[in-house]
Amino acid sequence: MSAALSAATASLQVAPLSAHIGAEIHGVDLTQKLSAQQVAEIRAALLKWRVVFFREQFLTHEQHVAFSAQFGELTLGHPVFGHVDGYPQIYSISKFRKATRFEGATLLRPWTGWHTDVTAAVNPPYASILRGVTIPPFGGDTQWTNLVIAYDKLSEPLRAFVDGLRGVHRFTPPAGASGTEAFVQAVSQRTLVTEHPLVRVHPETGERALYVSPSFLKHIVGVTPRESQALLELLWEHVTRPEFTVRFKWEPGSIAFWDNRATAHLAPTDIFDLDFDRQLYRTTLVGDVPVGPDGRASISLEGSPVGAAAAIALN
């Protein structure tokens, strides 16, 4: 057996980073096509640890797309804010993203900025794959939280209560801030609004997760505004408890691959206090329509599903 073939069939090394979420995977070259065994092992680690990380993987845009495609269909880079020129499947995450920065003072609370990707769509991406290219020497860490353990750690009466609730997710600027002109134009042209269950049943594991993306979930259906606010703030505070989270320090060539069906994450804001540039690129994989414990699926109120057709059409 050749050395290359032996490396392709060897088991990966999975090193957990915290009690409930996050693991680094070693022993694989993501610039090359993966074996069926490697794909299966990475998927298994993703389902167990919710987010997995790779180091020293210096992928091109083409290789990033090829790696991602081994785990599912790719979406357009972003359904509202577009994509990298020439690469419709890739979304640029730079330090100064004009379309998604906000003007004005924002009310900051412990859960501010936490979110699950594109939950305003009826079928949010099932996974996101983020690649670090230009990384500051310090600062700029990203955090993830495990929404399954967050659900499990609720009291039994509260779990039973939230099992039957649904909430409306939409893209809007944060409370107290007005979006930039580019943001307002993008959102007005590509409105996404969806009613999701507050508790999502994971389609692969059957686990229940608190599906309460703080940045996009605006209100709970069927309760008063004050009841909605109080309950959401309790849940948002709960899902961001430190013991449910992992914090990742980026390096050039780092890759994070996370399960959007079971996680929320927090992008860094300390980078705006530093003089260093920061550039990452993200792909997302087409997801299914969430289903609650009662068997009811999410309902699109405005906008179209997030799928691969848009990306294909741009090729």
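Residues are numbered from 1 along each chain as its sequence is written, and side-chain values use heavy atoms, with hydrogens and water left out. Because the model is predicted, local features need pLDDT of at least 70 and side-chain atom pairs count only at pLDDT 80 or more, while totals for chains, interfaces and linings use all residues.

The model contains an open sheet of 7 strands with mixed pairing, in the order β1-β2-β3-β16-β7-β18-β4. Strands (E, at least two residues) and helices (H or I, at least four) are DSSP runs numbered from the N terminus, and two strands pair if DSSP finds at least two bridges between them. The edges are formed by β1 (13-16) and β4 (91-94); each has a single partner strand, so one side of each is left without a neighbour in the sheet. From one strand to the next, the twist averages 25 degrees (axes are lines fitted to C-alpha atoms, for helices over the stretch in contact, and angles run from 0 to 180 degrees between N-to-C directions). Strands β1 and β2 (residues 23-26) run antiparallel and are joined by 4 bridges; Q13 has H26 of β2 as its bridge partner. Helix α3 (residues 61-69) packs on the sheet, where it touches β3 (51-54), β7 (127-134), β16 (255-259) and β18, and its direction makes about 30 degrees with that of β18. Contact here means heavy atoms within 4.5 Å.

Strand β18 (residues 279-285) also holds T284. This residue counts as buried because its relative accessibility is 2% (buried is under 20% relative accessible area, exposed over 50%, partly exposed in between, with a 1.4 Å probe and protein chains only). The side chains of T284 and T75 are joined by a polar contact of 2.4 Å, that is, a pair of N or O atoms within 3.5 Å; within protein, one must be able to donate a hydrogen and the other to accept it, and residues adjacent in sequence count only if both atoms are side-chain atoms. In the loop between β17 and β18 lies D275, which is exposed because its relative accessible area is 80%.

The largest nonpolar core has 27 residues, and V162, L198, L210, V212 and L235 have the most contacts inside it. Such a core is a set of buried Ala, Val, Leu, Ile, Met, Phe, Trp, Tyr and Cys residues joined through side-chain atoms within 4.5 Å. A second, separate core of 25 residues includes I25, L30, V39 and V84.
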